[in-house]
Amino acid sequence: MADLIVALDLPDAPSAVELLDRLPDRCAVKVGSILMTAAGPGFIRGLVDGGHPVFLDLKWHDIPNTVQHAVAAAADLGVEMVTVHALGGEAMMRAAVRGARDTVAVVAVTVLTSHDDLGFGAVIGRRVDAVGAEVTRLARLALESGAHGVVCSPAEVALVAPLAAGRRIVVPGIRRAEDRADDQQRTAGPAEAAAAGATHLVVGRPILQAADPREAYGAFEQLARG
Ligand code: C5P
């Protein structure tokens, strides 16, 4: 069984509010850097006050002190979960967890799905034959550094699940058979991802662009529950 989170990939607060009117009350939502930059912390407070668990997906990667205080500021806003990059390293992730003060879950992004073997090899300065092995390595580092979970693509859930030991596995790229893949390269169905060990499923366009977002949400939720 996995929890469903709607990715509010929208340009501004009015379009997000319009969508939320067409979704169940208090549904969990993900706010990324576009909406956060456009709408600001007041909008996040409004979501929290409205009973929405908020996943603030800003993928921090900075010196430990900065990330610690950014996570603490997110905790003060009342969000439920935040992201950091595992590539920020152990000290940064430990600082993030300190900033969370047991009120926010810190989950670590391993390798961005936009990287291929060659591109990621250029970033880390050595040849990479399989990004999956790098995902596993970085997931292990994140979990050893005290992160409350990791974010990974559907293709990597089975690799990460044995390491996670009760911690979170947050998975985007979720599609039902009838949904368009859009720009997602590797997708999985909600039931399939949940069965493989995902604890949270992030769904954007199949809900955002549905004729009836509430109905689409209900269908995804039911599948995620197994
Ligand atoms: O519309 P869709 O369901 O593809 O949205 C997926 C969400 O998950 C988007 O907000 C996207 O930025 C995010 N995401 C992703 N792949 C990752 C990490 C995050 O699609 N590896």
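A side-chain N or O atom of threonine 113 lies 3.1 Å from a nitrogen atom of the ligand, a polar contact being a pair of N or O atoms within 3.5 Å. On its own the ligand has 460 Å² of accessible area, of which the protein covers 82%; areas follow the Shrake-Rupley method with a 1.4 Å probe.

The model is predicted: local features require pLDDT of at least 70 and side-chain atom pairs pLDDT 80 or more, whereas totals for chains, interfaces and linings use all residues. Residues are numbered from 1 along each chain as its sequence is written, and side-chain values use heavy atoms, without hydrogens and water.

The shell around the ligand, meaning residues with a heavy atom within 4 Å, includes Lys30, Gln184 and Arg205. By class, this shell has five nonpolar, three polar and four charged residues. Strand E8 (200-203) and helix H9 (205-208) each give two or more residues to it.

The ligand sits in the largest pocket, as more than half of its atoms lie within 2 Å of the pocket's grid points. A pocket is an open set of points on a 1 Å grid over the protein atoms alone, where a 1.4 Å probe fits, with protein on both sides within 12 Å along at least five of seven lines; lining residues have an atom within 4 Å of a point. The volume of this largest pocket is about 1100 Å³, taken as the space filled by probe spheres set on the points. Its lining comprises 42 residues, with Lys59, Thr113, Pro172, Gly173 and Gln184 nearest the centre.

How values were computed:
Polar contact = N/O pair within 3.5 Å; in protein donor to acceptor, adjacent residues only side chain to side chain. Helix = DSSP H or I, 4+ residues; strand = E, 2+ residues; numbered from the N terminus. Nonpolar A, V, L, I, M, F, W, Y, C, P; charged D, E, K, R; others polar.
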